[in-house]
Structure formats: C-alpha cells, structure tokens
Amino acid sequence: MRTIVYATDYSDNSIAALRYASSLSLKTGAKLVAIHIFDYPTLLNHLGFEAEDPFPDIEGDAYKKHNAKLKAFCTKVLQDDLDQLDFDFEAIEHKSIVNGIVEKAKAVDASLIVTGMKGGSAVKEIIMGNTAKHLLEKSPCPVLSIPSDASRRQIATIVYATDFEDEDYGAINKLLEIARPYKAKLKLVHIAPPEKLIGKRYEAEIQNAVSKYIEYEDMDLDIIYSDDTFNALRIYLGQTNADLVAMLKREPRSISSQVFHYDLVTRMESYGKVPLISFNAKNYGIFKL
C-alpha cells in the first residue's frame, strides 16, 4: 500500500475515520494525506459549519485559513501519533467534493480513500450519503468508510462478501494489502438463495479457483443459503466478530442478480456497525480467469 487519502468534513464521524486511517498508515507503512475540499465564497468555522464572511478576492488567505483549520483538526485528533506518521495535508478548492477527492487520489496514486460513515446530520456530514455513493462510482481505488464509534482499530478478521465474479479475485488480491500486515484471517462468504444449492463438485471448483488466484494462507470459504442477503450477512459478521467487511460494488447484470449489487453495498454502509471497504468492479475488470 502506497498512499492513503483521508477526506474530512470536520464532522464527528470523520474523527474516528482519521484515527483509523492513521492506524492503518502506521501498520502498512503507507503515506497518509489528509484533505478537506472547500468552495468559494463561504468559509467554514473550525469543527463546525457556520458561515463566516466570504473572501471572494483573497484566494491566498482562503487557502491559508483552510490549511490552518485542517492542520489544527488533525493535530487535535491525532496528538502525539502525528509525529510517527509519514503525513501530509492539503485544503483543496473545488466546486465538487467528489471530484476534488478523486482528482487528489489520482494525483498521489492513492491505494485507498478513507472517509467517515454517514450518521444523523445530513447537513454536517456532507461527504457522506449520496456523495459517498458518487465517490465510489468515480474513485480509482477502494473506499473505506468508518463508523463514528469505531474504537477498535486492530484488524483480526476480514470478511469479503463474494458473488464469485471475475472481478472479485482482483479485488481480493488488493484487499490482501491490508490483510497481510495485520496477519488477519480472511473469510470469504457467498450467500445464495436456498433454491440454488451449490453441489459438492461446484464447491470444489470454487475452492480450486480461490486457491489458484489468491495466495494467502489464513483464508476460509463459507457458503450460506438465505433469501435475505442483507440480514444473513449482518448475522455472519456478528458470528465471525468481523473487524472489517469488504464488498464489490457493481450494477446487477440481470433481474435475478441481486446478491452483491449496488443496493447491498449501500445498505451495509447504512448499517454502520463495521468498517466497510468497497471496491468498484470497473477497476478490476482486467482480472480475468
């Protein structure tokens, strides 16, 4: 893992995300770049969103103000941990929050974007909700969303929910950049409707494919039958005491393809109990079996 981009709106939910991103940076050796996207003419106060006087003609002062605010926020949250990090920060002026984050991620060749999960305030958590949805659509790398109460930052168990698409194998190999430094157990889970029983022969084929394309020793494969994919996955996360759940976001390719499509990724983020790393299938389409 090379560089982690952490995007903040200074909301309470972004505090846990910054702590999580810093822990991940230290563990993986990745550079951490903290960014805040702002727009003219309104400037926002420290840790809040009350409007101050605009500075339409003083661009330099605007950048200084926002950079100072971002530095103060990171320093307050991370305290002494900041000295241990390969750390940089930048306030970025852009008309679009999503495009500003994406452009920075591309510029630094980011391996991961980290944000806070959405919560109770639709006004303050401006980079969540629909913005997070559009961010995943455009992001050149995985997007990790962190719940506001994510106090545990050690990763012992990672669950990857798979529908065994070709792109899954590329995403899983990318996920190993996190799993390996933590020496985490990787649990692949497939949830199928009860009427689509997977025979022993097909299950063996899946196991062989997993072994062939994914080189990782501490890895299990579980197949669960349920008509309620979301609740089955939610229960599985509790049973396995998952520290991180990973999913591939793609549009359904048919009416019957409902297992791990767009809506499930959105519902899991709304569930908000476990950090969620989302992969956009279009970024892994070159990985073919």
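Biologist: In this structure, is F38 buried or exposed?

Modeller: This is a predicted model, and in it F38 has a relative accessibility of 3%, so F38 counts as buried because the cut-off for that word is under 20%.

Biologist: How should I read a pair of aromatic rings, and what is the case for F38 and Y63?

Modeller: A pair of aromatic rings is described by the distance of the centres and the angle of the planes. For F38 and Y63 the ring centres are 5.4 Å apart and the planes stand at 80°, so this pair is edge-to-face. F38 belongs to strand β2 (residues 31-38) and Y63 to helix α2, and the pair links these distant parts of the chain, which are 25 residues apart.

Biologist: How many aromatic pairs does a search of the whole structure find?

Modeller: The search finds five aromatic pairs, and one of them is formed by Y10 and F73, which are arranged edge-to-face with 5.2 Å from centre to centre and 70° between the planes. Y10 lies in the loop between β1 (3-7) and α1 (12-28), whereas F73 lies in helix α2 (residues 59-78), so this pair ties together parts that are 63 residues apart in sequence.

Biologist: What is the relative accessible area of Y10, and what is the relative accessibility of F73?

Modeller: Y10 has a relative accessible area of 2% and is therefore buried, and F73, at 1% relative accessibility, counts as buried too.

Biologist: What is the phi of K183, and where is K183 found?

Modeller: K183 is not a glycine either, yet its phi is positive, at about 55°. K183 is found in the loop between α5 (166-182) and β7 (185-192), and with a relative accessibility of 73% this residue counts as exposed, because the cut-off for that word is over 50%.

Biologist: Finally, which residue lies over the face of Y182?

Modeller: That residue is K27, which lies over the face of the Y182 ring at 5.5 Å from the ring centre.

Notes
Residues are numbered from 1 along each chain as its sequence is written. This is a predicted model: local features need pLDDT of at least 70, side-chain atom pairs count only at pLDDT 80 or more; totals for chains, interfaces and linings use all residues. Side-chain values use heavy atoms; hydrogens and water are left out. Rings of Phe, Tyr and Trp (its six-membered ring) pair if their centres lie within 6.5 Å; planes under 30 degrees apart count as stacked, over 60 as edge-to-face and the rest as tilted. Helices (H or I, at least four residues) and strands (E, at least two) are DSSP runs, numbered from the N terminus. Buried means under 20% relative accessible area, exposed over 50%, partly exposed in between (1.4 Å probe, protein chains only). A charge sits over a ring if NZ of Lys or CZ of Arg is within 6 Å of the ring centre and within 35 degrees of the ring normal.
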